[in-house]
Each structure stands twice: as structure tokens, then as C-alpha cells.
Amino acid sequence: MLLTVDIGNTTVAVAGFAGERLAFLRRLPSDRDLDGPGWQTALGELLAGAGSVRGSALASVVPDLTGRVADALSALTGKPVLTVDKNTPTGLPLGHYDAKNLGMDRVVDCVAALSRYAPPLAVFDMGTATTLSVVGADGMFQGGMILPGLSLSVNALSARAAQLPPITLSPPEGLIGTNTETCMRYGALYGAAGAIEGIVARLEEQLGPLTVILTGGNSAYVRPLLRVPTAWEPNLTFLGLRQLWLKQYS
């Protein structure tokens, strides 16, 4: 079993691969209050019954958790943990991009995308934030955009507007909301779809036809609403982490 770990702002997602097959995907909250032993206990419970582990690969956008989770995995498995950072040889040239604060999950997404699709590429990863990562026709990372994620957007509305309730995301039943809850939910979902369509149109004006790839936990809600062709790769980050681990240790 090869473990791949994506540490995000909301969850720590752990996917296990048996060969090329994704055997399981499990999540823990991104609890910044847990210390190293706490993470070792939490991950030990999460991985109960997972079988023998040959190694782990990890990408993180939460610096406070990176070392704690990596050390806990190493202690639990006794196997090497590849923590993908700006010094990791990913094979993706970053060109002139200032990588000082670059979330390595974006790099991992692009590595996986390039192994499956010909550039130019636009990768939208829809999690706590929605990130756009663009790879040019030359296979070089060009940069992209960072937008508020779906949940972040609706939670901000609920928190700042007295008459707007908390809502839970779910697929729309129509286009026009008929109460406050559906107005908020449809606005978030169709707003995200419209943003992606508009961004893709502008990208193609500059780069020509490109492949649009969606991933991340909220992508399933938005993909059916899009009027541009897309490839859906819900496990893209984990596939990229597996690819980088194999490149390093095989």
C-alpha cells in the first residue's frame, strides 16, 4: 500500500493505492491544535486495517501541519515519507513564477495532468479555495489564479449578512432560486460555473484551445453546470503524489 496525503485548510485527506488502484480515501479535520503524538494517534486510527505500507507522499498548504503529519506517518509506518516542496524534482519547470509561497498541491496537480493530457492545460482545483493552474504548450507552469472556494463564499455571506442563513451545498434543482437558501446556493454554484467559463474563454484567447481539468471536493457540484468541455479527475492530487513517490523511490 502506498499512502498519498493532501493537507488542506479544511481536511487532511489520505488515499491509499494498491498498485494503480485507489483502495481507499479517508479524511480527518485539519486540526492545528493536535501535536505530533496526537496526529500519530489520529492517523493510526484512520489507517487501521489498511495493511502494510511501502511509503507515503505528502503535499501541504498548511505549514503548521506539514512536519507534524509527516513525522507521524514516518513513525507509524517506518517507511520513507516524501514531502513535496519547492526543492522536490517534480519535472515541472516553473519558469519565472515566484514559487516562494506556491502551494505544492498545484504543482502536483499539474504533474498528474501532464501525464494524462497534452498541454496547454487549465487545472481548476475546487477546495477551500479554488485554484487555477495553467501549463503552457511548452509544458511549463505559467501561474494561474486563486479564488474563494464555494463553501468559503457562502459561509462568508452567512456570517456577514444578518438575514442570510447557513447553507449546505448540494446540486441545484433549477436555475432561479425561490427562497433565500436556494438563492444563496444557486448563486454560489452558478457563479462558480460562470467564473470558470469566463476565465477559460479569456485563457483561450491568449493560449488557444486548451484542455480544462476539474478536481477537488467541490468540483462534482459545478461540473454538470459548465458549458465548456472538461475532464473530471477527482483524485488528481493523489495520482500526482503517487507518481512523484514512484519517481523518487522506484
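What is the volume of the largest pocket? The largest pocket has a volume of about 1100 Å³. The structure is a predicted model, in which local features need pLDDT of at least 70 and side-chain atom pairs count only at pLDDT 80 or more, while totals for chains, interfaces and linings use all residues. Residues are numbered from 1 along each chain as its sequence is written, and side-chain values use heavy atoms, with hydrogens and water left out.

View 1. A pocket is found on a 1 Å grid over the protein atoms alone, as an open set of points where a 1.4 Å probe fits, with protein on both sides within 12 Å along at least five of seven lines. A volume is the space filled by probe spheres set on the points, with grid points joined across faces, edges and corners. Lining residues, which have an atom within 4 Å of a point, number 48 here, and the closest to the pocket centre are Asp 6, Gly 8, Asn 9, Val 61 and Asp 105. By class, the lining holds 19 nonpolar, 21 polar and eight charged residues. Nonpolar covers Ala, Val, Leu, Ile, Met, Phe, Trp, Tyr, Cys and Pro; charged covers Asp, Glu, Lys and Arg; the others, Gly among them, are polar.

**View 2. The second largest pocket.** This pocket holds about 170 Å³ of space. Of its 15 lining residues, Leu 147, Pro 148, Ala 188, Gly 191 and Ala 192 are the closest to its centre. At least two lining residues come from each of strand 6 (121-126), strand 8 (141-148), helix 4 (150-160) and helix 5 (180-207). Helices (H or I, at least four residues) and strands (E, at least two) are DSSP runs, numbered from the N terminus. Helix 5 gives the largest share of the lining, seven residues. The lining has ten nonpolar and five polar residues, and no charged ones.

**View 3. Ala 192 and Glu 181 in helix 5.** Ala 192 is buried, with a relative accessible area of 14%. Buried means under 20% relative accessible area, exposed means over 50%, and partly exposed lies in between (1.4 Å probe, protein chains only). Not counting residues up to four places away in sequence, Ala 192 touches Met 126, Leu 150 and Val 222; contact means heavy atoms within 4.5 Å. From C-alpha to C-alpha, Ala 192 is 38 Å from Gly 49, and 143 residues separate the two in sequence. Glu 181 is partly exposed, at 27% relative accessibility.

**View 4. Helix 3 against helix 7.** Two packed helices are described by the angle between their axes and the distance between the axes. The axes of helix 3 (residues 104-114) and helix 7 (residues 236-249) come within 8 Å and cross at roughly 80°. Helix 3 is therefore roughly perpendicular to helix 7. Axes are lines fitted to C-alpha atoms, for helices over the stretch in contact, and angles run from 0 to 180 degrees between N-to-C directions. Angles of 65 to 115 degrees count as roughly perpendicular, under 35 as roughly parallel, over 145 as roughly antiparallel, and the rest as oblique. In helix 3, Val 108, Asp 109, Val 111, Ala 112 and Ala 113 take part, and they meet residues of helix 7 including Leu 236, Leu 239 and Leu 244. The contact is made by eight nonpolar residues, three polar and one charged. Ten of the eleven residues of helix 3 are buried, so this helix is largely enclosed by the rest of the structure.

**View 5. Phe 124 in strand 6.** Phe 124 is buried, with a relative accessible area of 1%. Leaving aside neighbours within four places in sequence, the contacts of Phe 124 include Thr 130, Leu 132, Ile 196, Val 200 and Leu 214. Ile 146 is 22 residues from Phe 124 in sequence and 9.5 Å away in space, C-alpha to C-alpha.

**View 6. A cis peptide bond at Pro 120.** The peptide bond from Pro 119 to Pro 120 is cis, with omega near 5°. Pro 120 sits in the loop between helix 3 and strand 6.
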